[in-house]
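Subject: Structure for your attention

Dear colleague,

Please find the structure below, together with its sequence. My findings follow after it, and I would ask you to read them with the model open.

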Protein chains: 2
Amino acid sequence: MEHGESGGEEVTAARAEGTNPVAAPSSAATATPTSGPAAAPSSGSAPAHSRGNVFEHTIAALLRAIRLGQYLVGDKLPAERDLAARIKVSRATLRQALSELQTAGIVTVRRGRYGGTFVTRLPSAGDDATEGSIDPAELDDAVRFRHVLETAAARIVASRTLQSAEVEALTTAESECREVFGAPGESAEKFRALDARFHLSIAELTRIPSLVAASASTRDRINALLDRIPFIETNVEHSCAQHGEILDAVLAGDPELAAELAAQHAEGTEQLLRGFLEHQ
Amino acid sequence: MEHGESGGEEVTAARAEGTNPVAAPSSAATATPTSGPAAAPSSGSAPAHSRGNVFEHTIAALLRAIRLGQYLVGDKLPAERDLAARIKVSRATLRQALSELQTAGIVTVRRGRYGGTFVTRLPSAGDDATEGSIDPAELDDAVRFRHVLETAAARIVASRTLQSAEVEALTTAESECREVFGAPGESAEKFRALDARFHLSIAELTRIPSLVAASASTRDRINALLDRIPFIETNVEHSCAQHGEILDAVLAGDPELAAELAAQHAEGTEQLLRGFLEHQ
DNA sequence: GTTCAATGGATCAAGTTCATACCATTGACT
DNA sequence: AGTCAATGGTATGAACTTGATCCATTGAAC
């Protein structure tokens, strides 16, 4: 797969704190009668860089990759020199971040040839989480953007003719996700990672790198929100069933049905989150 | 390997400047899709920080805001202290960037109370552009992602009940864009800025900040590509006509029609770009 | 058991970026 | 004419990142 790295950067830009726009304080939408100079549509803007510490961002990037199932437990991360180049940070900074993960027990490091950094456990909600209550605006944005991205991805992939290897990847992702559900005692983290893998697999088949990047970023935001509410088996079961339906529609080459099912799936998560938000 | 597939790579990503998860911004405007090394279930990756210079990213962010019509010629930018906070860079860095824009004649600065930084002209293609031929992967990614975003935005906004101020903003954006077309001698840059304003106005009405940010970033990438091909009046005329149709569908509250028209509009640009790419 | 390539471990100088003060200018208001 | 608040202009030191270089460890291959 080559991925093309994405081109996208920014998509994420806005999130966390306030989000945004470089621009104008008042958005056009909110009534700004004077059309003069002032009313500029605030196009989201990107923070010129990512601010904060490169160090912290590196930790977050690594955690995200693991949480989203890019590296499963037992997997070996790329060699430090390679990983640093990939994340685009210096090896020194990457090592600081890896050191933290090691201290947290998320990875273990072995020296020597054939050594490397291995994932030993999935990050738990506490390893990363922000405390406090859920920001309604963040929830709304993440959930709705996800709806847009996943609906579109399902529609696009369903209208493509998939190669056997691609079909294989999708079915595997779907079944692994289902299997974890069946096994009792599995962690919410593991389900989330495999769930993310399934959805990101679909996103990848669109062959639109920016869409993949945006989906990954958004999925991670949603997972962070899900970490703040109780893990309910029933929802997982329902989720897995929907995955199966989506997969079938995609393989059957029915774009509109796939899109509709993806929409319903997203709406399920949305209602789950909103339900808890309103009662917190 | 670890889990099969993938080789894994990239940690994440997000585009341009933003980012969050860790991500980073990459350059905002110029997006650099570079197809990376290997492939993994690469969930898009994000550079942990923005690499490059915060300074350069700041310039790019400012140029982008101006190119996308966030600040029109004659507009005053926010005070340095505010702008720096918005872009999330130190005032010192922002000033370096503004200094460049001033040297380039894009903004002028006046001291004292009621002074500030004012936009004096739109950046021309050369102020920013990357030389060389168009990267097919970048074009494909930008154009297809735009298709996804704008189609979804049109559908969403058409299904909302707009407030009078919102309708006003849209119709104004549409007509201003058309007027510029009518006036002879207007620059491609001005049309692009107003064109972007129209589309971003629609994106804003979705009330999904992440969608707005992604649309702005993608629009800028496409504008950068358009800067590399001849500016054709006929296309502008066609574009304006389509804007009118999209606006009508949105105001009429016809989601599917609005989405279809937005799709056609995006496809027009796509074909225009691909046509020149294949002949370059 | 020796060799060797891949990989983690460590250090240091140089360049960036930030944060915080404080100064200078301007023009509306009184 | 004087006042004053908002805004740009300038300076300094701390903190962070990088990039380059060299060291240490490991286990497969010979």
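For what follows, Ala, Val, Leu, Ile, Met, Phe, Trp, Tyr, Cys and Pro count as nonpolar, Asp, Glu, Lys and Arg as charged, and the other residues, including Gly, as polar. Please bear in mind that this is a predicted model.

With these classes, the surface near DNA strand D has seven nonpolar, eight polar and twelve charged residues. The 27 residues around DNA strand D have Val54(A), Ser90(A), Thr93(A), Arg91(B) and Arg95(B) as the nearest. Among the atoms of DNA strand D within 4 Å of the protein, 68% are accounted for by sugar and phosphate.

Both chains take part in this surface. From chain A, helix 1 (54–67) and helix 3 each supply at least two residues near DNA strand D. From chain B, at least two residues each come from helix 2 (80–87), helix 3 (91–103), strand 1 (107–110) and strand 2 (116–119).

Several polar contacts can be followed on DNA strand D. A polar backbone atom of Arg113(A) is 2.8 Å from a base oxygen. In the side chain of Arg81(B), an N or O atom is 3.1 Å from a base oxygen. Arg95(B), by contrast, places a polar side-chain atom 2.5 Å from a phosphate oxygen.

I turn next to DNA strand C. By class, the surface near DNA strand C has six nonpolar, eight polar and twelve charged residues. Of the atoms of DNA strand C within 4 Å of the protein, sugar or phosphate holds 70%, and the rest belong to bases.

On this surface, helix 2 (80–87), helix 3 (91–103), strand 1 (107–110) and strand 2 (116–119) of chain A each supply at least two residues, as does helix 1 (54–67) of chain B.

Within the protein, an arginine lies over an aromatic ring in each of two places. Arg110(A) lies over the face of Phe118(A), 4.1 Å from the ring centre, and Arg110(B) lies over the face of Phe118(B), 4.2 Å from the ring centre. Over all chains, the structure also holds two aromatic pairs.

How many disulfides does the structure hold over all chains? There are zero. A disulfide is a covalent bond between the sulfur atoms of two cysteines. The sulfur of Cys177(A) has its closest cysteine sulfur in Cys240(A), but the 4.5 Å between them is too far for a bond, because the two sulfur atoms of a disulfide must lie within 2.5 Å. Cys177(A) is buried, with a relative accessible area of 0%, and Cys240(A) counts as buried at 4% relative accessibility.

Finally, a word on chain A as a whole. Its secondary structure comes to nine helices and two strands, which run α-α-α-β-β-α-α-α-α-α-α from the N terminus on. Of the 280 residues in chain A, 55% are buried.

With kind regards

Note on methods
Residues are numbered from 1 along each chain as its sequence is written. Chains are lettered from A and ligands numbered from 1 in the order in which they are written. This is a predicted model: local features need pLDDT of at least 70, side-chain atom pairs count only at pLDDT 80 or more; totals for chains, interfaces and linings use all residues. Side-chain values use heavy atoms; hydrogens and water are left out. A residue is near a molecule or strand if one of its heavy atoms lies within 4 Å of it. Helices (H or I, at least four residues) and strands (E, at least two) are DSSP runs, numbered from the N terminus. Rings of Phe, Tyr and Trp (its six-membered ring) pair if their centres lie within 6.5 Å; planes under 30 degrees apart count as stacked, over 60 as edge-to-face and the rest as tilted. A charge sits over a ring if NZ of Lys or CZ of Arg is within 6 Å of the ring centre and within 35 degrees of the ring normal. Buried means under 20% relative accessible area, exposed over 50%, partly exposed in between (1.4 Å probe, protein chains only). A polar contact is a pair of N or O atoms within 3.5 Å; within protein, one must be able to donate a hydrogen and the other to accept it, and residues adjacent in sequence count only if both atoms are side-chain atoms.
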